[in-house]
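Visitor: Hi! Could you show me this protein and walk me through how it is put together?
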Amino acid sequence: MSFSSKIKSLRAPFFKLFLKGKPEFICPLCHYHGPFKDKKSRLHAKCPKCGELERVRLQYLVYKKVFDQIDTKNSTILHIAPERSLSAFFKQDFGKYVSADLFRQDVDMQFDVQEIPLEDASVDVVYASHILLYPHDDIKAISEIRRILKPNGIAILPMPIFAEKTVDDFGENVRWTHQSGLDYFDRYRQFFDHVDLYYSHMFPETYQLYLCDNDTDHPLYVGNGKREDIVPICYVSAQESY
Ligand SMILES: [Zn+2]
C-alpha cells in the first residue's frame, strides 16, 4: 500500500462518522463497509477508504467475473493509463504485468496507443479504461490493441457513455475527441470476434455501481436518480490471425 493510500484508509473511520445516516455500501476493492462520498453532483460515488469511484468498482467486478475461470499465471497483461488499485490485482493474478502511458513516468512503457511498439500477437490481455476518448484516430488505436493480442486474447476497453450516438469532434480545444455514445462499441465489433457488455444492474446493489447524477435525459437512466454504466469485454477467437 502506498503512503497516500495509507493516509486515505486512516481517514475512512472519520468519513464514516461524518456520513452517518447516509445509505451504506460495500467496496469490492478494499472491503470498506459504510457510506460512500459524493463527487460533485454524483452521489455515493467515491469509497472513502481506497478512493475509487463507481466505474472502477464495476470494472473490478466485471474483471473478476470474466477471469474467474481463466488461468492467467502464464499470461501477460498490458495495462494502459494504469489505475493504481487495479494494477495491484493484475500484478497478483498475471504472470507478467506491463504498464504503459503516453505521458506518465511511473510506467514500464511510454507510447501512443495509435502506434503500439509491441509485436503482433504478443499479449494476452489489454486493459485500457476511458483512453479512446483522446487519440485523433481511435479506430487505428483499436486496431493496434487488436493487433498485439494473441488468439483467445481479451481487451477490456470501458468508455463513458455521453449520449445515444457518438460525437467525433476534431476541434483543437475539445477535451474529448470521441464523445462515446451507446453505439461506440460497434467500433470494437469491426475488429473483435465478439463483444460482451456488462451493466451495473448485473451485480449486487450493495456495491453501488451506478452514476447517481440525476441525469434523467440520459439513455441509460433507470430512475431514482441513477444511470447504468457499461464495461465492454472484447474477445479474439482461438484461430483468428490478424
Ligand atoms: Zn474501497
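Guide: Two strands pair if DSSP finds at least two bridges between them, and helices (H or I, at least four residues) and strands (E, at least two) are DSSP runs numbered from the N terminus. This is a predicted model, where local features need pLDDT of at least 70 and side-chain atom pairs need pLDDT 80 or more, while totals for chains, interfaces and linings use all residues. Residues are numbered from 1 along each chain as its sequence is written, and side-chain values use heavy atoms, leaving out hydrogens and water.

Visitor: Okay, what is the order of the strands in the open sheet?
Guide: Its seven strands run E7-E6-E5-E8-E9-E15-E12, and their pairing is mixed.

Visitor: Which strands stand at the edges?
Guide: Those are E7 (109–110) and E12 (194–199); each has a single partner strand, so one side of each has no neighbour in the sheet.

Visitor: How many bridges link E12 and E15?
Guide: Six, and the two strands pair in the antiparallel sense, with E15 covering residues 230–235. For example, Val195 has Cys234 in E15 as its bridge partner.

Visitor: And which strands does helix H2 touch?
Guide: Helix H2 (residues 54–67) packs on the sheet and touches E8 (123–128), E9 (149–156), E12 and E15. Touching, or contact, means heavy atoms within 4.5 Å. The direction of H2 makes about 35° with that of E15; axes are lines fitted to C-alpha atoms, for helices over the stretch in contact, and angles between N-to-C directions run from 0 to 180 degrees.

Visitor: Where does helix H3 lie?
Guide: Helix H3 (residues 84–93) lies across E5 (76–80), E6 (96–101) and E8, at about 170° to E5.

Visitor: New topic: how is the protein divided into domains?
Guide: Into domain 1 (1–52) and domain 2 (54–235), with bounds from an automatic or database domain assignment. Their C-alpha centres lie 24 Å apart, and the contact takes 16 residues from domain 1 and 16 residues from domain 2.
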